[in-house]
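Thanks for making time this morning. Let me put the model on the screen before I say anything about it.

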Amino acid sequence: MGYVAVKGGTIAIEESINRLTSERLQKGLVLDIKNIEAGLRGLIDQVMSESSLYHETLAALAIKQAEGNPEEAVFLLRAYRSTLPRKHYSKVIESEEIKVERRISASFKDIPGGQLLGATTDYTHRLLNFSLMNESEKEAQEWLSKFNEEIGHNSEKSEIISLTFPKVLDYLREEGLIAPCGNNDVEPHDVTRKSLEFPSSRSERLQILTRGQTGAVTSLAYASIRGYGAVHPTVGELRVGQLPIHISHPFELGEEEDDYYIGEVKVTEVEMLIPVAVEREYGEKDLDFEVGYGLCFGQNETKAISMSILDYSLEHPNHAFPSHNEEFVLYHIDSVESTGFISHLKMPHYVTFQSKLDSVRKTKTTSKKDEVSMVEQSL
Amino acid sequence: MNKAYNFAFFDEGSKREIRRATLKAIAIPGYQVPFASREMPIGRGWGTGGLQLTLSLIGKNDVLKVIDQGSDESVNAVSIKKLVSDTTGVVATEHTCDATLIQSRHRIPEVPLTKEQILVLQVPIPEPLRFFEPSEHETKKLHAEKEYSGAWLMLFEQIMNYGTMTTDADHPVMVQDRYVMAPSPIPRFDNTKMDHCKALILLGAGREKKVYAVPPYTKVVSLAFDDYPFKGESFENKHCRLCGADDVFLDELIDEEIGESYYLCNDTSYCLEMINEKKLAGVK
Amino acid sequence: MTGYERPVLSVKHLNKQYGRGCLKCVNKASLLKNYCPSCGTVYACQDISFDVHPGEVVGIVGESGSGKSTLMKCLYFDQEVTDGEAYISVYENGEKNLFQQSAQQKRYIRNNVMGKVYQNPLLGLKMDFSSIGNIAEKLISAGNRHVKMMESRGIELLDKVNIPVHRRKEAPKKFSGGMQQRVQIAKALSNNPPLLLLDEVTTGLDLSVQASVLDLIKELQRELNISIVLVSHDLSVIRMLADRTFVMLEGKVIEEGLTDQILEDPQASYTQQLVHSML
């Protein structure tokens, strides 16, 4: 019979996990996944966008398990995502096909097709609505049927109106104010399948931006328009809507009409106009517009706008500003990476600390005599 | 065993891809091979690089040992072991010599490794030149051109300022006279164990998405100057209070009763084996 | 005899352009100065050739935009040439075109057979490292691994450029402009290179500081018999240091000769203007 190690760690972990579960359950109520899906749209959209995984129910599950902590929920979904084999790749999506629910332009009052305000918090007053404290399902039903009745008057009409709109930017292209933009059919790199190398391609940049942590993407974009950057943007068009997704027949190379429609994802798309000076003959300069692009899962307008700003700033590297430096931006905005590395500081570091201690002690004992004699010799 | 996931968590395609990067790393000792690091069920920075290597390599007949800061029972080591066992059914051991696969954070075990073993080290910052040059694009060029004056310059500055090199853990090494490599934050004491090590050493950085390797019997030299040789941590006149060992890396602890510091083996399983050996000898 | 004749540096038909060029400017006839108005290409250096002999100081004078700094950048591989050749006698026996060497070889050449002092000390020094560390960097790059040896070489050089030795561990960012230039000079000289490139080293310094830096360069040049290529917009700097002088304008060499000869009897009207404005 020899000595055996104390299983301190194992027991401590088990007890810690029990504690965590009790924190989630101790008020005796259980949060229903359906309720999360129904009532926490903003959080679900944010989590889906940062996870790069579009699945409202799984997002709701992650939010429940994470007790509403978005960094933890994103982490859960990302870890799940990395075990999923890629069975299909979707057909190329044309964003003109978005079934628009909301669409605005800050550049033109009158855009072809008109501005469509849709659902937005932009014009709500941020006053706490205390009546929601006791909102009943009955009241909700009543409100809904009244609302549907009102829409009902227009239902025939709204079905006739096509929900797709022409792009504001196409209008500007026809005017010759933006350079025409050809199709780039280069297969995009998948940053979750191949690690990023620099200089990065635009497809890689856009992917990392769209999965970036909302707060981080917003802060950097804010810095770059506030002064630590050189971007002066105007929203050409922002749209929120449902984007239909198709895949081709898995075995047959068929015509387009043989494609399978597999559903829709809700997205926010931003095309940002940024004026730039373009040099012409004899040093003459013209003002032209360049486009920054943002696209996120769900209704994440601030993030999509920020993404379009950073897309532009990374297309124009400028060492004076970190927001124009691709390594600075792309390496630091990922939620799982940044929160992981920051939180790893909680892990024990006593070997490294012991080693540091040894170095510090060494410097105290190494007398500076050595050095003094050196100077004397040289003089 | 958790059947909701594939054996060893990953789909087979992912495992093959990580193994391909690993093979490349073994073929170019000390060179950081980029790989498509996956998000793992444990935190980025908590050993995801090592874990991905372990999961891509592990088979049903492997015997696994996981240590964190020298201890098998450290919470993070336990957590990693639990995840691997849950998804593979593989049994873990604490005996270094029984293990075929050892995942470790910040230590190389005291028991010399054998050619049947693979050591996987977790790496937070794989780039030895990172604090000299923040840009990845630039450091990649420096490695390509074998331009390592920055690494030596950092050490030179330490000597100028403090009269001695003041690196703690993660003292850079030159691998097979070609690549300067971060050995991961192992104490300097462990650097020498890498040189001509019989086991394959793999280093994985999950967040930074790099894999690199020291293949068996590879030359590994800690950076130093002709007149300022490399030195490991010194535990002169110190020994482990439990097993008496004086040739190992020791943890310094404070005896609250007498208010003095004492020392214990950092490698807990080694210490335990030493005590048991002594006990057996005593019985005889 | 051949050893004496042989130039330390030989530059042949060096061209550097910014921009891709177009059909209109391909024969350079339609250029506005050195600039193509239709495609915006700048022809910064056009067909530059010259030799530098052992112990010789070659001056290149010209206004800003004349291409002289671009030339220096090309010679030190800070920028890539568009085409042309350069040979250094001590590298591969002067038989390999420097511009066609690998990046690793170019680094070797920079670290072992050349030294450069930039107008902007930020480009030549690591402002946060110690002054002696800056000098050691160049020694380390050239393969030195002996701390005491590097430290005493650093002290010797700092002493030579009149930096108080007790300030050797201070970072150049704490130093005045003139001191920073002197640290750069010490760094550039650390490996006893046969060739030193000086790019507007005194521009922006006070007159009295200028004079002391120029004196220092002159002394060091005599003592070490080092070959120097010196670029300046200031003819009085050229007059003080250069044996031979090239005058550059709009990317081309428009006049060359012994410095005295150019000052006494300038041929090109631009050079005449330059000389007159100095008097």
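I will go through confidence, then the domains of chain A, and then a helix pair and an interface in chain C.

This is a predicted model, in which local features need pLDDT of at least 70 and side-chain atom pairs count only at pLDDT 80 or more, while totals for chains, interfaces and linings use all residues. Residues are numbered from 1 along each chain as its sequence is written, and chains are lettered from A and ligands numbered from 1 in the order in which they are written.

On confidence, where pLDDT is the predictor's confidence in each residue, from 0 to 100, chain A has a mean of 87, with 90% of its residues at 70 or more. Within chain A, helix α3(A) has the highest confidence, at 98, and helix α14 (residues 369-378) of chain A the lowest, at a mean of 45; helices here are DSSP runs of H or I with at least four residues, numbered from the N terminus. Over residues 371-379 of chain A, pLDDT stays under 50, and the model has eight contacts for them beyond four places in sequence, a contact being two residues whose C-beta atoms, placed from the backbone, lie within 7 Å.

Turning to domains, whose bounds come from an automatic or database assignment, chain A is given domain 1 (17-81) and domain 2 (95-120 + 164-339). Eleven residues of domain 1 of chain A and 14 residues of domain 2 of chain A take part in the contact. On the domain 1 side, α3 (41-51) and α5 (70-81) of chain A each give two or more residues, and α3(A) has the largest share, with five residues.

In chain C, helix α5 (residues 131-141) and helix α7 (residues 177-189) pack at an angle of about 30°, with their axes 8 Å apart; axes are lines fitted to C-alpha atoms over the stretch in contact, and angles run from 0 to 180 degrees between N-to-C directions. α5(C) is therefore roughly parallel to α7(C), a term that covers angles under 35 degrees. S131(C), N134(C), I135(C) and K138(C) of α5(C) meet V183(C), A186(C) and K187(C) of α7(C).

Finally, which residues of chain C touch chain B, and how many? The interface has 16 residues of chain C in contact with 15 residues of chain B. On the chain C side, α3 (103-112), α5 and α6 (147-160) each supply at least two residues, and α5(C) gives the most, with six residues.

Definitions and conventions: Angles under 35 degrees count as roughly parallel, over 145 as roughly antiparallel, 65 to 115 as roughly perpendicular and the rest as oblique.
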